[in-house]
Amino acid sequence: MGFSKKVKNLKESATLQAAAKAKALKDKGVDVLNLTIGEPDFSTPKSVQQAAIKSIEDGSSSFYTPATGLIELKKAIIERTRIDYGVEYQTNEVFIGNGAKYVLYALFQTLLNPGDEVIIPTPYWVSYSAQVELADGKNVFVETTEENHYRVTVEELERARTDKSRVLILNTPSNPTGTVYTAKELFEIGNWAVSNNIYIIADDIYAKLVYNGNVFTSIVSLSDAIKQQTIVVNGVSKTYSMTGWRIGYALCQPEIVSQVSKVMSQSTGNPATVSQYAAIEALSGSQDIVESMRQTFEQRLNDIFPLIQAIPGVKVEKPQGAFYLYLNIKDTMAMCGYDNVTTWVNDLLEEKHVAVVTGEAFGTSHHVRISYATDMDTLTQAISQINKFIDSKRI
């Protein structure tokens, strides 16, 4: 059987692959401590569940919606954005898709011609590069440093820019590092993008998950010119613990929405109608649960961070947001006799049954990502097992 070169060259999502390996072991009866998936360990709020049930019972979720989503959901997104960002949008500047991941996919399919370049600061979320390749674009990676807290600078961006540069991806808070850009840094980057006519895709999926006094700033709030140059991508998965509902959205210029609509109408059609009604309630209803979950993540971070720092050889920046820790284990690997981080990760899973994600998936060769979107018992057991693994491998 023959397959397209594009598909044959495509790599599976490393986070989903790691989760699948952990599940396969668990299905064999192994007690796996899974720290791979960025999925809140909370159930979807009851009010959101009830809104979905109501839409089923009254029949309103039984039918197609426009490909880019219900007008009622667009209005809820606009109002939530106005409250959170202080920025106004119109309904023709919003589209809704099957999760923020598909929203990004549709954007790359819409914006890129073969050979167009997308600037991606490293480390980066695993699917950015694959989605650019699927759109026949070219990834241009800009390596950030731990010394600069994994933040890209305008000077670094300018060195990477060519006449084919089309898009910059900016993820704050960052997956995998948890870095949050300051308003000053965003303003400088935004003005650079405006002056060079480069679209910013602002992946704001973790915007509500910031900790310990750190503040999220939306880049579109800084000037109208930057807003016009920026496509905001967000969704309900992380903020409202609705990963399974698959609702993401983007806010951008009407011309982009009209073109994306064609891609969506010929691919997925509308997102699940019942999920759209659930998302209306999530965005429009009480936001108390959002703060409650944020506080829980913050407490977990503060509780486990000293334990992570104490792992032999590990160097780690305390994240400002999201729910990941990005560990530099170069020295740890050396003391264990490893020269490949993915091999270290695989052996940790096989021998001590702790599942983490290799840094190679995020564009770095000496790191692992740990998700703390799970309970404290699992986290503390996993750290204990990691320490035991290192002790067993010391040379």
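Analyst: Helix α12 bends by about 30° at Asp303, and a proline, Pro306, follows within four residues. The bend at a residue is the angle between axes fitted to the seven residues ending there and the seven starting there. Helices (H or I, at least four residues) and strands (E, at least two) are DSSP runs, numbered from the N terminus. The model is predicted: local features need pLDDT of at least 70, side-chain atom pairs count only at pLDDT 80 or more, and totals for chains, interfaces and linings use all residues. Residues are numbered from 1 along each chain as its sequence is written, and side-chain values use heavy atoms, with hydrogens and water left out.

User: How far apart are the end C-alpha atoms of α12?

Analyst: The expected span of a helix is 1.5 Å times one less than its number of residues. Helix α12 covers residues 288–309, which is 22 residues, and should therefore span 32 Å. The separation of its end C-alpha atoms agrees with this, at 32 Å.

User: Which residues of α12 are buried?

Analyst: Buried means under 20% relative accessible area, exposed over 50%, and partly exposed in between (1.4 Å probe, protein chains only). In α12 the buried residues are Val290, Met293, Arg294, Phe297, Glu298, Arg300, Leu301, Ile304, Phe305 and Ile308.

User: Which residue does a cis peptide bond join to Pro123?

Analyst: Most residues other than glycine have a negative phi, and most peptide bonds are trans. Pro123 lies in the loop between β3 (117–122) and α6 (127–134). The cis bond there has an omega of about -5°, and the residue joined to Pro123 is Thr122.

User: What is omega for the peptide bond from Thr172 to Pro173?

Analyst: Pro173 is found in the loop between β5 (165–171) and α8 (183–195). The bond from Thr172 to Pro173 is cis, with omega near -10°.

User: Is Asp136 buried, partly exposed or exposed?

Analyst: Asp136 is not a glycine, although it has a positive phi of about 65°. This residue lies in the loop between α6 and β4 (138–143). Because its relative accessibility is 39%, Asp136 counts as partly exposed.

User: Is Ala322 buried or exposed?

Analyst: Ala322, in the loop between β9 (315–316) and β10 (324–328), has a positive phi near 60°. Its relative accessibility is 0%, so Ala322 counts as buried.

User: How many disulfides does the structure hold?

Analyst: A disulfide is a pair of cysteine sulfur atoms within 2.5 Å. Cys252 is buried, with a relative accessible area of 3%, and Cys336 is buried at 5%. The number of disulfides is 0.

User: What is the volume of the largest cavity?

Analyst: On a 1 Å grid over the protein atoms alone, a cavity is a set of points where a 1.4 Å probe fits but cannot get out, and lining residues have an atom within 4 Å of a point. Grid points are joined across faces, edges and corners, and a volume is the space filled by probe spheres set on the points. The structure holds 4 cavities of 30 Å³ or more. The largest has a volume of about 140 Å³.

User: Which of the residues that line the largest cavity are the closest to its centre?

Analyst: The elements that give two or more residues to this lining are β3 and β5. Of the 17 residues in the lining, the closest to the centre are Pro121, Pro123, Asn171, Ser174 and Tyr181.

Definitions and conventions. 1 Å grid on protein atoms, 1.4 Å probe; cavity = no way out; pocket = protein on both sides within 12 Å on 5 of 7 lines; lining within 4 Å.
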